[in-house]
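Where are they, and which residues line them?

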Amino acid sequence: MTLIIDCHGHYTTAPPQHDAWREMQKAAFKASEAAPPYPAISDDEIRETIETNQLRLLKERGADMTIFSPRASTMAPHIGDEAVATAWSRASNDLIARVVNLYPETFAGVCMLPQNPTADMAGSIAELERCVTDLGFIGCNLNPDPGGGRFDAPPLTDRFWYPFYEKMVELDVPAMIHVSGSCNPAMHATGAYYISADTIAFMQLIQGDLFSDFPTLRFIIPHGGGAVPYHWGRYRGLADMLKQPSLDGHLMNNVFFDTCVYHQPGVTLLAEVIETKNILFGSEMVGAVRGIDPQTGQYFDDTKRYVDALLISDEQRHAIFEGNARRVYPRLDARLKERGL
C-alpha cells in the first residue's frame with residue numbers, strides 16, 4: 001500500500017492570536033518599543049484550526065500526511081531587523097511543533113528561517129539546528145530573496161550561503177526554495193512572485209556549480225518548478241550555451257519539483273518532461289488557489305486527482321506519492337520505519 005505524502009503544506013489557518021501578535025510585533029518595532037508577550041493558544045484552539053481544515057481535507061482527498069511549515073506569505077523576514085525575524089520564526093516554528101506533537105502520524109515539521117536581509121546566515125543556522133535537533137523537524141524553507149521582491153540577495157550558488165548548506169548536509173535535511181510575500185506592488189505574490197522566484201532559483205543553479213561542492217544537498221523547487229518544465233528546452237539549451245554539463249547530471253540528482261500545478265494538463269506536462277525520480281506529490285492545500293474549478297467541479301488544489309489520472313506505471317505513481325519524499329527527506333523515512341511503514 002502506498003502512503004500519500006504531501007510535501008508542501010503551510011499552516012495557513014493558524015489561530016488568529018498568532019497573526020494578531022505578529023501585527024503587534026511589527027507595530028512595536030516601528031514605534032521602537034518592545035513587542036508584547038506571545039499570546040496563550042490552547043491545544044483545543046489548534047485542534048479546531050487543523051481538524052476543520054487540513055486534517056479534514058487530507059482525509060477527504062485520500063492523502064495520509066503532510067510535510068508542514070509556517071505560512072509562506074507571512075514569513076516576511078525583511079520586516080524589522082534580525083531580532084524581529086528571529087522572534088517571529090521561533091514563534092511560528094514552535095506553533096508547527098505543537099501541531100506535529102498533536103498529530104504525529106499526520107504532520108511532519110519544516111521550519112522557516114530568520115533571513116533578515118541585513119543578516120548573515122548564522123541566525124538561520126541556529127534556528128535550523130534548534131528545529132531539527134530539538135523539535136524533530138525534517139527540513140526547512142529557504143528563501144532565495146529575503147528582501148521580499150527586491151532580488152538583491154546573492155545567488156544561491158554564492159558562498160554567502162555555504163555555511164548554511166554545510167549545516168543542511170550535516171543534519172541531512174533538504175530545503176524547499178520558497179519566497180514569502182511580495183513588497184513590490186507590481187508583483188502579485190502567489191501569481192507572479194512565487195513562480196518567478198522558482199524559475200530564477202533554477203537558473204541560478206544552472207549558472208553555478210553548487211552540487212560539485214555539496215553533492216548530497218537537496219532542494220525542492222515548489223509550484224511545479226515555476227516555468228522550468230514548460231521551458232525545459234530553453235534551460236537545456238542555455239546550459240549548453242553556458243558550457244555547463246547536461247542538466248541530468250548537473251542539477252537533477254539534487255533538485256526536485258512538486259505537483260502544485262492546479263490543472264490536469266500542467267501536471268501531465270510535468271510528468272512527461274521531468275523524470276519521475278524528480279517529482280514529489282504536493283498540494284499546498286488551503287493555500288494560494290483554494291476555489292473550485294468551474295471546468296471540473298473539483299477544487300483546484302486537489303492535486304492527487306491529477307496524479308491519479310496520469311498514464312504512468314504503478315511504480316512511478318508510488319515514487320511520486322511516497323518513495324521520492326522518503327528519499328529526499330531521510331528523517332521522515334526513518335520516522336516512518338520506526339512506525340513499521
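This is a predicted model: local features need pLDDT of at least 70, side-chain atom pairs count only at pLDDT 80 or more; totals for chains, interfaces and linings use all residues.

## Terms and model

Residues are numbered from 1 along each chain as its sequence is written, and side-chain values use heavy atoms, leaving out hydrogens and water.

## Cavities overall

A cavity here is a set of points, on a 1 Å grid over the protein atoms alone, where a 1.4 Å probe fits but cannot get out; its lining residues have an atom within 4 Å of a point. Volume is the space filled by probe spheres set on the points, which are joined across faces, edges and corners. The whole structure holds 4 cavities of 30 Å³ or more.

## The largest cavity

With a volume of about 100 Å³, the largest cavity has a lining that includes Tyr11, His18, Asp19, Arg71 and Trp88. Two elements, α1 (16-30) and α4 (82-102), each give two or more residues to this lining; helices are DSSP runs (H or I, at least four residues), numbered from the N terminus. The top contributor is α4, with 4 residues. By class, the lining has 6 nonpolar, 4 polar and 2 charged residues.

## The second largest cavity

The second largest cavity has a volume of about 70 Å³. Among its lining residues are Asp6, Arg61, Phe281, Asp301 and Lys304. Helix α3 (residues 54-61) gives the most to this lining, with 3 residues. Its classes come to 5 nonpolar, 2 polar and 5 charged residues.

Conventions: On a 1 Å grid over the protein atoms alone, a cavity is a set of points where a 1.4 Å probe fits but cannot get out, and a pocket is an open set with protein on both sides within 12 Å along at least five of seven lines; lining residues have an atom within 4 Å of a point. Ala, Val, Leu, Ile, Met, Phe, Trp, Tyr, Cys and Pro count as nonpolar, Asp, Glu, Lys and Arg as charged, and the others, Gly among them, as polar.
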